[in-house]
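Trainee: I would like to learn how to read a structure like this one. Where do we begin?

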Amino acid sequence: MRNFIKKNKKIFLITLIVIIVIICSILIAIGILNKNEKEVEANNALTTNDIKNLIRNNYLSMYLLEGDIKITDSYMTIGEDTYYIVEDPLLESINSISDISDLIENTFFEGRAATLIEELTNEKYNQYIMGGDYLYVKKGNVCKNFPTITYGDIMQKEVEDGIWIDYNDAGFKIIQEDGKWKTGAVIYKCKDSTE
């Protein structure tokens with residue numbers, strides 16, 4: 001056996017090196033896969049801040065439709081319709097119709113978002129247009145008792161196809177759509193509404 005090893009020393013060393021390289025490659029690949037899985041989990045992790053942002057965006061979406069939007073005295077008349085410049089502290093990050101659409105689309109499931117965006121053309125709700133650099137609103141049937149946003153107890157529980165959020169004695173489900181946490185539930189709605 002010793003003679004065989006001496007004669008085939010080069011083959012033995014090459015085989016040993018190949019085996020070591022294969023084992024190292026496998027260990028490196030496993031390490032990279034584990035790192036990628038942890039990064040994906042970290043990216044998909046849902047924080048209380050994420051939930052609060054979703055609740056806030058849900059609130060703002062419905063406030064834009066039904067709320068008593070604060071306006072200036074400046075207005076624009078189109079036909080018989082009068083639109084006023086929006087100047088509402090709650091809507092300081094909403095400066096265009098595109099901002100409104102983005103807010104709704106980033107908050108609600110695709111089907112629900114499409115319905116809410118369509119309601120922006122319904123005279124029952126607030127309607128918006130752009131004039132120069134300003135966002136204008138023609139108020140619809142303004143909700144006199146639109147609720148105030150509050151962040152009470154927020155609890156989350158994983159369910160089969162998403163996460164269930166218990167929030168202020170109510171609950172709603174969220175799932176990831178297009179890499180963002182979204183819901184189909186309208187959390188805040190006019191208390192006068194029968195929908």
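Mentor: Start with strands. Helices (H or I, at least four residues) and strands (E, at least two) are DSSP runs, numbered from the N terminus. Two strands pair if DSSP finds at least two bridges between them. Some ground rules come next. This is a predicted model: local features need pLDDT of at least 70, side-chain atom pairs count only at pLDDT 80 or more, and totals for chains, interfaces and linings use all residues. Residues are numbered from 1 along each chain as its sequence is written, and side-chain values use heavy atoms, with hydrogens and water left out.

Trainee: Which residue takes a positive phi in the hairpin of β3 and β4?

Mentor: G132 does, with phi near 65°. Two residues lie between the strands of that hairpin. Strand β3 (residues 127-131) runs antiparallel to β4, and five bridges join them. Q127 stands opposite K138 in β4.

Trainee: How many bridges pair β2 with β4?

Mentor: Two, in the antiparallel sense; β2 covers residues 81-86. I85 has Y136 in β4 as its bridge partner.

Trainee: Is β4 mostly covered or uncovered?

Mentor: First the terms. Buried means under 20% relative accessible area, exposed over 50%, and partly exposed in between (1.4 Å probe, protein chains only). Strand β4 (residues 134-138) is mostly covered, with four of its five residues buried.

Trainee: How do I read a salt bridge?

Mentor: Side chains of opposite charge can pair when their charged atoms come close. The cut-off is a side-chain nitrogen of Lys or Arg within 4 Å of a carboxyl oxygen of Asp or Glu. The whole structure has six salt bridges. One of them joins K138 and D81, at 3.3 Å from N to O. This pair links distant parts of the chain: K138 is in strand β4, D81 in strand β2, 57 residues apart. K138 counts as buried at 12% relative accessibility, whereas D81 is partly exposed at 28%.

Trainee: What does D68 form a salt bridge with?

Mentor: With K139; their closest N and O atoms are 2.6 Å apart. D68 sits in the loop between α3 (48-66) and β1 (71-78), and K139 in the loop between β4 and β5 (154-159), 71 residues apart. D68 is partly exposed, at 36% relative accessible area. K139 is partly exposed too, at 31%.

Trainee: Which residues are linked with D178 in a network of salt bridges?

Mentor: E177 and K182. The closest N and O atoms of D178 and K182 are 3.8 Å apart. D178 is exposed at 67%, but K182 is buried at 5%.
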